[in-house]
Amino acid sequence: MSMTTILQHCLTGISLGGAYALIAIGYTLVYGILRLINFAHGDIFMMAGYFMIFALASFPWPVAIIITLVVTTVMGIGIERFAYKPLRNAPRMSIMISAIGVSYLLQNLSTYLFTAIPRGYPELPYLKKIYQIGELSASFVTILTPILTIVLVFVLMILVNKTKTGMAMRATSKDFETAKLMGININRVVSVTFAIGSLLAGIGSILYFTDRMSVTPFSGTLPGLKCFVAAVFGGIGNIPGAVVGGFFIGIVETLLVALGYSTFSDAFTFLLLIIMLLVKPTGLFGEKNVEKV
Amino acid sequence: MSTILLKTEHVTMQFGGVVAVDDLNIEIPEGKITALIGPNGAGKTTAFNVITGGYQATNGRVTFDGHVIGENYPRSKMKKIYNGTYKTLNEHQVINTPDKITRLGMARTFQNIRLFKDLTVFENVLIAMHGHIKAGMLRSTFKLNKEEELMMNQEADKLLHSVNLHMHRDEKSSSLPYGMQRKLEIARALATGPKLLLLDEPAAGMNPKETEELALFIQEIKETFSLTVFLIEHHMDLVMDISDKIYVLDYGKTIALGTANEVQNDPAVIRAYLGVEEA
Amino acid sequence: MRIKRNTLLTTTVFALLVVFLYWLSANRMQNGMLVSVLQKGVIFALVAVSMNLLNGFTGLFSLGQAGFMSIGAYTTAILIIPVKSLDGVYYMNGVHPGIRALKMVVADSPAFVQSIFPFVALLLGGLLAAGIAAIVGVAVLRLKSDYLAIATLGLSEIVRAIFSSPQFDQITNGSYGLNKIPTFPEMAWGLIPSLLTPFIVVGFCVVFILLLINSSYGRAFKAIREDEIAAEAMGINLYKHKSMSFVVSSFFSAVAGGLLAMYMRSIEAKTFSITMTYDILLIVVIGGIGSVTGSILSAFLVTIAKEWWLRFFDQPLFFGGWQVPLFRTGFRMVIFSILLMVVVLIYRKGLMGSTEFSWDRLIGRFRRTKNSEGGAA
């Protein structure tokens with residue numbers, strides 16, 4: 001493989017990684033606060049893909065993007081209210097099952113509404129424009145994705161570290177019960193968390209599907225799980241960690257496909273997860289947690 | 001002179017920058033009731049968890065009934081506190097999981113009752129005997145160990161009789177009143193066949209009358225099961241009544257040691273409990 | 001007296017079931033659908049019970065069922081595909097010479113060996129899965145609740161990737177999958193027709209699991225579910241018991257996978273995706289987490305409803321000239337998802353909660369309804 005090909009694949013990998021990073025943040029935020037793997041997150045991402053298809057059918061693209069993001073965010077908040085909030089005091093297993101149930105529901109609902117046949121993702125001409133950098137060629141979206149990801153993460157970090165809501169989020173993730181006793185409006189914090197997570201998943205979805213060109217009701221499952229792995233890899237609850245994890249998995253996956261091991265590219269992610277959990281369960285940047293007896 | 005059943009040497013437990021237990025040296029004589037007291041947050045429960053294998057000590061050694069059940073002699077940092085017996089080695093660790101320590105003959109109760117809530121009183125006691133089961137999974141599944149099962153059932157019944165819980169045998173353990181749950185937890189610990197019984201704040205949440213009954217109960221089971229008892233208490237009354245030997249812990253350090261009378265009059269203890277009077 | 005009555009009732013019900021199955025076997029042509037859903041139901045009953053052993057009785061939230069099923073399904077299928085069909089199945093990449101040689105040996109062996117060979121294949125599939133579970137258990141069972149869930153789910157995906165990878169084409173036939181798998185074998189020299197075979201195999205497996213749950217080891221599993229720390233403090237070796245439960249559960253999932261291969265006659269790696277694990281979880285949740293009879297009941301109900309009774313949701317429905325809206329392909333699964341959410345959010349106990357079926361309760365309930373009716377009159 002020539003240097004150019006390798007670089008070309010790296011570029012694709014970075015772009016994929018950027019989209020993964022945006023989704024992984026949603027997992028990491030929710031897990032940080034509710035200690036829940038939001039199995040439905042990947043499906044929210046998939047639904048955002050469909051929203052975009054339909055919004056773009058009747059609106060110009062800037063409006064369509066806004067509609068997509070708003071609807072996705074509202075859906076994320078709605079799912080939390082409807083499926084997770086009633087189970088907040090139930091055993092951990094019930095809320096996980098509920099998350100799986102929501103995922104199952106969204107998949108079946110979208111199969112019903114949109115059929116299982118892949119639907120073409122509309123092309124935004126601006127995003128698909130090809131640029132030549134030396135011998136490398138890349139569409140605008142490939143270049144935009146990592147940049148946008150970094151910018152969004154930066155904004156998010158400011159939000160989490162500098163604002164009052166961010167402080168409430170950090171407090172809640174440190175100790176749910178105490179935060180509640182300290183008068184933090186837990187429901188609001190959880191809603192904000194889901195809103196941010198879903199919004200980022202919506203943005204990630206636009207970037208991801210523009211490169212992949214079609215959406216099916218199941219196209220959220222695997223990326224979803226991979227992004228969770230990315231979040232664990234970086235240290236769950238840690239935003240920069242999730243971003244690093246997302247980029248890492250995106251790049252390695254692309255390279256594996258390039259080397260002809262495409263069947264193993266999914267398996268690799270999970271192998272990485274298992275190895276990570278065994279070697280350093282707290283992830284790359286996670287904090288150590290001592291369980292109280 | 002009685003022998004020493006449990007001994008900790010220089011046990012230290014550090015969580016990040018917090019030293020929860022600092023150089024703890026205790027000796028628990030066989031057949032006696034020993035208590036570890038101290039104000040809230042003094043490190044009593046942490047000490048318990050180190051002894052029972054829940055935590056691995058950052059440093060130090062625990063010996064029980066002739067076995068070294070936990071030892072950590074790390075490289076440099078804490079060498080000055082504990083030099084270890086294996087001086088030639090740079091590093092030496094003995095780690096045992098709680099279940100193994102229990103099978104060696106040390107059973108415990110918990111500060112916040114930890115019964116198997118959804119299971120019956122009888123099952124709670126039976127489970128505690130499972131650690132010593134001889135039959136393997138297949139033999140047990142196909143009921144080829146009839147005698148063993150029968151013996152376990154009889155033992156459990158006998159135990160429930162001896163602690164007066166047999167009339168609640170088939171009730172869910174979570175449906176018992178608080179005091180009985182405490183008793184059941186002790187019975188369950190006894191079912192593991194211990195030589196040493198560790199009680200973590202057995203009188204927590206009890207009124208004076210219940211506490212008095214508990215004191216009698218502890219002395220009673222100590223005699224019937226020929227136990228050594230080591231208890232943590234936060235209330236002085238219970239401890240003073242029944243303990244033969246008392247250790248007082250504050251901020252992770254042992255500040256006093258002796259009989260009830262000696263400890264009660266120790267100025268350091270009074271200071272720890274009542275605070276220093278500002279002049 | 002009461003015990004005698006219950007034994008009598010149970011025996012009668014089982015005898016009636018056997019008679020019914022024999023009748024069904026004689027008239028299977030007219031009852032194709034019924035046979036099909038009952039067989040599928042019983043296979044899923046076994047997976048559901050084995051998942052329940054892990055999730056409901058040991059408190060280990062594992063999502064690796066589909067992976068272990070696929071190990072059983074592939075092992076069984078590879079072993080029992082007849083030698084004459086091999087070239088047809090592996091038409092793309094050819095078959096591994098070792099497999100062909102093995103099949104020649106089996107084909108030349110005495111009739112008795114051949115008649116029990118499918119069962120040996122099921123057993124081998126189970127043992128392979130159990131072995132793999134024992135090995136990976138060393139790693140994954142150290143993980144806590146949701147990490148375990150995602151790790152086992154990942155494991156199942158890894159298995160799937162291996163089965164569909166081109167590197168194993170000559171064994172698993174890669175992404176083409178395996179077909180021409182013989183159906184269920186007869187038992188006892190034809191005395192038991194092939195239709196009954198899955199019921200009998202599953203029956204034995206479920207009885208084993210029930211006995212295990214009621215043994216001292218089963219109690220230890222429940223203790224771990226209730227409170228790991230207390231269980232460990234009571235002398236129960238957490239790792240050993242979790243691993244036991246994981247291995248046993250994987251063994252039976254794989255046996256069910258083998259049966260499923262015989263039932264479907266053709267398998268591919270895609271069959272055993274995450275969705276299958278979710279389907280099984282749905283059965284367990286609806287039946288009641290921690291109830292074996294609940295899982296069995298739910299497996300039949302869900303399968304029959306999904307494959308048969310509720311088919312009409314997927315067809316356009318007309319009332320006179322008016323077409324009822326919503327009824328079209330996919331609606332059935334939406335109804336199912338909603339049903340699952342209702343169970344998860346409102347009827348959290350499912351059909352049976354964590355209790356088991358008993359005649360006393362059934363009769364008690366029956367009497368109560370009767371009495372209250374009498375009182376109202």
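This is a predicted model: local features need pLDDT of at least 70, side-chain atom pairs count only at pLDDT 80 or more; totals for chains, interfaces and linings use all residues.
## A first look at the strands, sheet and chain contact

In chain B, strand 1 (residues 4-15) and strand 2 (residues 18-29) pair in the antiparallel sense, with eight bridges between them.

Strands of a sheet pair through backbone hydrogen bonds, either parallel or antiparallel. Chain B also has an open sheet of six strands in the order 7-8-9-3-10-11, with mixed pairing. At its edges are strand 7 (106-108) and strand 11 (253-258) of chain B, each pairing on one side only. From one strand to the next, the twist averages 20°.

Within chain B, strand 3 (residues 33-37) and strand 9 (residues 228-233) run parallel and are joined by five bridges. Here B:I33 stands opposite B:V229 in strand 9 of chain B.

| Helix of chain B | Strands of chain B | Angle |
|---|---|---|
| Helix 1 (residues 44-51) | lies across strands 3, 7, 8, 9 and 10 | about 145° to strand 9 |
| Helix 7 (residues 208-224) | touches strands 3, 8 and 9 | about 140° with strand 3 |

Now let us turn to chains A and C. Here, 50 residues of chain C are in contact with 44 residues of chain A. The area buried between chain C and chain A is about 4,100 Å², and carbon and sulfur atoms give 77% of that area. Three residues, C:Y147, C:I150 and C:Y278, supply 17% of the area that chain C buries against chain A, more than any other three residues.

How do the axes of helix 10 of chain A and helix 7 of chain C cross? The axes of helix 10 (residues 221-234) of chain A and helix 7 (residues 145-164) of chain C come within 12 Å and cross at roughly 130°. That angle makes helix 10 of chain A oblique to helix 7 of chain C. The crossing of these two helices is left-handed.

On the chain A side, A:L222, A:L225, A:F228 and A:V232 of helix 10 meet C:Y147, C:I150, C:L153 and C:E157 of helix 7 of chain C. By class, this contact has seven nonpolar residues, no polar residues and one charged residue.

Notes. Residues are numbered from 1 along each chain as its sequence is written. Chains are lettered from A and ligands numbered from 1 in the order in which they are written. Side-chain values use heavy atoms; hydrogens and water are left out. Axes are lines fitted to C-alpha atoms, for helices over the stretch in contact, and angles run from 0 to 180 degrees between N-to-C directions. Helices (H or I, at least four residues) and strands (E, at least two) are DSSP runs, numbered from the N terminus. Angles under 35 degrees count as roughly parallel, over 145 as roughly antiparallel, 65 to 115 as roughly perpendicular and the rest as oblique. A crossing is left-handed if the near helix is turned anticlockwise from the far one by less than a right angle, and right-handed if clockwise. Contact means heavy atoms within 4.5 Å. Ala, Val, Leu, Ile, Met, Phe, Trp, Tyr, Cys and Pro count as nonpolar, Asp, Glu, Lys and Arg as charged, and the others, Gly among them, as polar. Two strands pair if DSSP finds at least two bridges between them. Buried area is the accessible area (1.4 Å probe) that two parts lose on being put together, summed over both.
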